[in-house]
Amino acid sequence: MRKPNTKNTVIFTLAAILIAGTSCVHDGLDDCPPETGPGTEIPGTDPGTDPGNPGGTDGTPVTLYVDFAEKLYTRTPAAEVSALHVFVFDHDGYYVTTLEDREPLIGGDYAMDVPLEPGDYEFIGWTNIGSSYAVSHNAPQPGVTTLGDLYIELDILDGDTLRDMPDHLHHGLTRLPSVATDTGWEYVMEIDRYTYTVNIVTEGLGADDKDYRYVIADRNGRLSIYNEDISERTIYYVADCDRDDSGQLSASLRVIRLLEDHLDSRVYIENRETGELLFSDNLIGRLLSLRDIGETVDFSTRFEYTIKLVFDRDILVSISVNDWIVWESGYEI
C-alpha cells in the first residue's frame, strides 16, 4: 500500500481542514471545501468526463487510496472484486457523486482520482454493486439525496429465497484526509469483507435415495450505507446437497453480515420432496457455542465455518464447528 507523505503532520492536516472550513469563507481562498447542499452547485465533473483535471477547477489533485490488504484478514484476491463503487458525500451528509471502477486492479497501491476540488468529503465504498447487490437509489441526486436515503441490499429475484451464490461484499469508509497540501489531498480507505461461507457435512448417515437441500435463514438482506443492519425480512439462502459415494451430504452457502444478536437465525437440512427436517439448529447460537469450549469467535476476523454432523444409525450424536465438538448426544440441541 502506498504510504501517505509522513512529513505532513496531523497538526498540519487538521490546520488545513480548519482553514478550509472557516477562514476561507472570509478570505476567499481557492481551496475551500465546496459549499454543497440543497439548491447549490456541485463542484467538479461526473466521473470520467474530465480525466485531465481530477482535482477540479484549481487543479489541486484529490486522490483516494483504497487498501484491501492492510490487515491479514482483509487480504482480497482480485477475483473477489468485479466492481468498486465509492459514494461521495459532503460535510453536511448530502450526496455529491459516485466513483466507479468496473475492473479494479486490486493491489497494494490501488488509487482512484477524485474529480472534485479539495474539501471535507466522506467516502463510502462498496464492492460488487450491480451483480448480487443493488442500491436503493439508481440515480441519487447531488445536493438532495442524503446518507440516510441510501442502502445496499441483496438483489433477489425469487421472493425471499436466494438460490445462487452471491458475490463477496466488502465495505469501507473514510472522512479526514491523511495528506492535505497545495500539491494534493490524499485519503486512505480500508476495505473489509462482510460475506461469510458456512459449509455443512455429514458423517455416518445411512445411504438412501432422498434428495436434500441446505438452508440458512437470517435477517441480513439489507444494510445501511454505513453497513448497519436494517433488514426486517428473513432471507432464505438455499443450496442442494451433494452426496459422495458413501451417501454423505455436503453443501456450502455464502451469506452476508453475520451478527451476534441475530439469535433467531436458522440452519437446517430438509428433504426436498417432503420438507421433513434431517437437522435444524440456531445458526448464530451454534457458532457462538465455540466460546463455551474456550475458542474465539469473532465475525470481523473469521469468515468461514464448517458444521459437521455425525450420525449413528441415522441418529445425530455430535455436532462440530471447525473441527471442535460443540454438542454431543445427551445434551439438548
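Reader: Why is glutamate 80 called buried?

Author: Buried means under 20% relative accessible area, while exposed means over 50% and partly exposed lies in between, with a 1.4 Å probe and protein chains only; glutamate 80 has a relative accessible area of 12%, so this residue counts as buried. The model is a predicted one, in which local features need pLDDT of at least 70 and side-chain atom pairs count only at pLDDT 80 or more, whereas totals for chains, interfaces and linings use all residues. Residues are numbered from 1 along each chain as its sequence is written, and side-chain values use heavy atoms, with hydrogens and water left out.

Reader: What makes the pair of glutamate 80 and arginine 193 a salt bridge?

Author: A salt bridge is a side-chain nitrogen of Lys or Arg within 4 Å of a carboxyl oxygen of Asp or Glu, and the closest N and O atoms of glutamate 80 and arginine 193 are 2.5 Å apart. Glutamate 80 lies in the loop between β1 (62-67) and β2 (84-89) and arginine 193 in strand β12 (residues 192-193), so the pair ties together parts that are 113 residues apart in sequence. Strands (E, at least two residues) and helices (H or I, at least four) are DSSP runs, numbered from the N terminus.

Reader: Is arginine 193 buried or exposed?

Author: Arginine 193 has a relative accessibility of 17%, and therefore counts as buried.

Reader: Why is aspartate 264 called partly exposed?

Author: Aspartate 264 has a relative accessible area of 45%, so the residue is partly exposed. Its side chain meets that of arginine 219 in a salt bridge, at 2.9 Å from N to O. Because aspartate 264 sits in the loop between β18 (249-256) and β19 (266-271), and arginine 219 in the loop between β14 (212-218) and β15 (222-224), the pair ties together parts that are 45 residues apart in sequence.

Reader: Which residue forms a salt bridge with glutamate 260?

Author: Glutamate 260 forms a salt bridge with arginine 291, and their closest N and O atoms are 2.6 Å apart. Glutamate 260 is found in the loop between β18 and β19, and arginine 291 in the loop between α3 (283-288) and β21 (304-312), so parts that are 31 residues apart in sequence are tied together by the pair. Glutamate 260 counts as partly exposed at 38% relative accessibility, and arginine 291 counts as partly exposed at 37%.

Reader: How many salt bridges does the structure hold?

Author: The structure holds 14 salt bridges.
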